[in-house]
Amino acid sequence: MADSVITWLPWKDPAEFLGGLPERVEATYYGGGELPAEPDQVEFYVPSYMGSSQVVEVIREMPNLKVVQTQTAGFENVLPHLPDGVTLCNARGVHDASTAELAVGLILASYRRIPKAVVNQQQGIWPADAGIDDSLADRTVLILGYGSIGEALERRLAGFECDVIRVARRAREGVHPITELPELLPRADVVVLLTPATEQTKGLVDAEFLGRMKDGALLVNVARGVVVNTDDLVAALHKGRVRAALDVTDPEPLPEGHPLWSAPNVLIIPHRGGASTAFPPRVARLVRAQLDRYVKKEPLINVVAGPPR
């Protein structure tokens with residue numbers, strides 16, 4: 001293909017997955033393992049979703065690389081391997097529906113004690129007096145890290161008759177700055193973490209943060225595990241201070257025998273926030289659109305590091 005744009009894509013039939021390839025785009029499948037031929041010719045690379053470290057480290061073998069397009073909103077694992085002059089784009093918007101749905105599901109499962117009901121079903125137990133469950137109605141949900149996923153979450157919460165407090169790094173209309181968090185936390189019945197993993201957010205949820213939460217409040221982490229100090233969370237759970245529902249943990253995967261597994265009042269999901277049927281069509285649309293823009297020399301979207309293109 002004359003003047004072709006060489007790409008490595010993580011789908012075995014990229015043309016079928018993307019609904020066709022733009023003109024001049026030549027795609028090779030790579031999802032880890034043995035490298036295809038000629039990595040030095042690759043200009044545009046999409047690492048596999050939740051793949052091994054190899055799919056990121058291989059960037060160093062691509063001297064002609066111009067663009068890395070992730071399938072995740074988070075990109076902290078790519079930055080250490082990104083050469084100067086290479087543009088990094090993330091998948092902002094791709095996981096909004098999946099992650100927002102899971103956040104709502106975790107809240108409802110925790111509030112309506114679904115995990116306990118599953119155990120009772122497995123054991124054939126019908127409790128004589130199951131008590132009264134918590135309801136999301138009339139509660140206050142604080143969304144920490146109010147971006148596109150936070151907006152998607154609020155839309156899904158709209159029918160549950162609850163109040164929403166929005167918090168982001170900087171203040172904007174209707175959104176509190178993170179500097180006001182100490183005064184806002186005591187007002188929240190549910191705190192949903194949607195912050196990126198940065199030096200500023202690492203360990204943000206520590207003993208002081210948890211201590212400011214209401215007694216019995218629910219912490220929902222659908223962000224990154226490192227945002228929470230795990231030891232402090234385990235201590236708060238054992239004290240009965242808070243409850244937690246976690247899609248992500250630190251460490252991850254959570255090793256067998258880790259004290260978080262056996263802590264009371266915690267629901268743990270093995271990092272499934274983006275992994276739903278909503279993901280493939282949305283990532284396909286994004287990658288196809290980015291390839292179109294790249295070939296036509298139009299500005300790329302979702303640029304998070306490196307030069308604009």
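Q: Leaving aside its neighbours within four places in sequence, with which residues is Glu-154 in contact?

A: The model is a predicted one. A contact list is read by setting aside what the chain itself brings together. Here Glu-154 is in contact with Ile-143, Tyr-146, Val-164 and Arg-166, once neighbours within four places are left out. Glu-154 is part of helix 5, which covers residues 148-157.

Q: Is Glu-154 buried or exposed?

A: Burial is judged from relative accessible area, and the cut-off for buried is under 20%. The value for Glu-154 is 18%, so this residue counts as buried. Two of its contacts, Tyr-146 and Arg-166, are also related to each other: Arg-166 lies over the face of Tyr-146, 5.9 Å from the ring centre.

Q: Which parts of the chain does the pair of Trp-8 and Tyr-30 tie together?

A: Trp-8 belongs to strand 1 (residues 5-9), while Tyr-30 sits in the loop between strand 2 (25-29) and strand 3 (44-45); the pair therefore ties together parts 22 residues apart in sequence. Trp-8 is buried at a relative accessible area of 1%, and Tyr-30 is likewise buried, at 1%. Ring pairs also link Trp-8, Tyr-30 and Tyr-45 into a cluster.

Q: Why is the pair of Tyr-49 and Phe-279 tilted?

A: The ring centres of Tyr-49 and Phe-279 are 4.6 Å apart and their planes stand at 40°, so the pair is tilted. Tyr-49 is in the loop between strand 3 and helix 2 (54-57), and Phe-279 is in helix 10 (residues 279-296), so parts 230 residues apart in sequence are tied together. Tyr-49 is partly exposed at 24%, whereas Phe-279 is buried at 9%.

Q: Which residues have the most contacts inside the largest nonpolar core?

A: A core is read by its members and by the elements that supply them. The largest nonpolar core has 31 residues, and those with the most contacts inside it are Leu-142, Val-191, Leu-193, Phe-209, Met-213, Leu-219 and Leu-233. Elements that each supply at least two residues include strand 6 (140-144), strand 9 (190-193) and helix 8 (230-238). Helix 8 gives the largest share, four residues. Apart from this core lies another, of 27 residues, among them Val-175, Val-192, Leu-218 and Val-220.

Q: Which residues of helix 8 are buried?

A: In helix 8 the buried residues are Thr-230, Leu-233, Val-234, Ala-236 and Leu-237. Seen down the axis of helix 8, they fall within an arc of 165°, so they line one face. They pack against helix 7, strand 10, strand 11, helix 9 (259-262) and strand 12 (266-268). On the other side of helix 8, Asp-231 and His-238 are exposed.

Q: What caps the N-terminal end of helix 8?

A: The ends of a helix are read separately from its faces. Asn-229 caps the N-terminal end of helix 8, with a side-chain oxygen 3.2 Å from the backbone nitrogen of Asp-231. After helix 8 comes Gly-240, with a positive phi near 75°.

Terms used: Residues numbered from 1 in each chain as written. Predicted model: local features only at pLDDT ≥ 70, side-chain atom pairs only at ≥ 80, totals over all residues. Heavy atoms only, no water. Buried < 20%, exposed > 50% of the residue type's maximum accessible area, 1.4 Å probe, protein only. Phe/Tyr/Trp six-rings, centres within 6.5 Å; stacked < 30°, edge-to-face > 60°. Lys NZ or Arg CZ within 6 Å of the ring centre and 35° of its normal. Contact = heavy atoms within 4.5 Å. Core = buried A, V, L, I, M, F, W, Y, C linked by side-chain atoms within 4.5 Å. Arc of directions from axis to C-beta. Polar contact = N/O pair within 3.5 Å; in protein donor to acceptor, adjacent residues only side chain to side chain.
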